[in-house]
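Open the model in your viewer and keep the selection panel at hand. The tour goes from a sheet to its helices, then to the domains.

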Amino acid sequence: MKNSIKKSPGLGIMLVGKRKDSQSFIHIKKKACEEVGIISEVVDLPEDCTEGEVLDVVSELNHKESVHGILVQLPLPSHLSEQNIINAVKVEKDVDGFHPVNIGNLAMMGREPLFTPCASKGCIEVLHRCGVEIMGKKAVVIGTNYRITHFLVIAETSCYSECGTCIHPEEITREADILVSDVGVPNLVRGHWLKPGVVVIDMGSTLVTDSKGSRVTGDVCYEEAILKASLITPVPGGVGPITISMLLYNTVEAAKRAYQ
Ligand code: GUN
């Protein structure tokens, strides 16, 4: 066939340090890429590397033609500025949707970001697919991390509160029709924090190791919450897989745009 150069989408993943949870998340992302034909390339840097070294790798990936999307696995070691590093990722390759230009456009009504954060997109998709009407509901988001779920929830709800820094978050969560938890503290959300009939999206995924071995645990005490909630996402197996599929989607979109 004439001109049949095979162009595969490419994802560059950066891991700084040896956090077990990050290694495990990257393993899952790499496997998912393989399954759909995305070429992934992981760059490992040591825990004690300098910000300059990380920025050099980001710059290399920004310039590499075969890499259409870049993911810097977070959290980074505390001596590195997540903000400086995320800002250095080329907006057109920011498949995580964390670059301030993408976040800014997402936050502005009527503007389209190039990429929407995968976890937020996954969360909204789960609600849509379960037939949960979001508009007009009171949505509460707990947690203020970089996955910025709240931006998308704000965009889709008429009433929203965030209680990441509250002393008594349960006073706010008890009013929620939809509760999204993205804190990273296992079993933080108890049954008495919930209004009967609430829809609970548990975005937490903390690697817990005890005498029974290692497993990923959510923010919500599932056994208690299931008695109150009308719908609840489990951990593992809830929003995690759909979040990964959004990453694959964003990477394919980035590749399509690069070849347009
Ligand atoms: N660490 C935990 N979740 C995420 C994510 O969605 N993106 C990145 N880059 N790091 C993460």
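Strands (E, at least two residues) and helices (H or I, at least four) are DSSP runs, numbered from the N terminus. Two strands pair if DSSP finds at least two bridges between them. Residue numbers start from 1 along each chain as its sequence is written. The model is predicted: local features need pLDDT of at least 70, side-chain atom pairs count only at pLDDT 80 or more, and totals for chains, interfaces and linings use all residues.

Select residues 10–16, which form strand 1. Strand 1 pairs with strand 3 in the parallel sense, over four bridges. Pick glycine 12: isoleucine 70 in strand 3 stands opposite.

Contact means C-beta atoms, placed from the backbone, within 7 Å.

Zoom out and colour by domain. Domain 1 covers 10–104 + 241–259, and domain 2 covers 118–237; such bounds come from an automatic or database domain assignment. Their centres, taken over C-alpha atoms, are 25 Å apart.

Finish at the interface. Here 15 residues of domain 1 contact 11 residues of domain 2. On the domain 1 side, helix 1 and helix 9 (239–259) each supply at least two residues. Helix 9 gives the largest share, six residues.

Technical notes: Contact = placed C-beta atoms within 7 Å.
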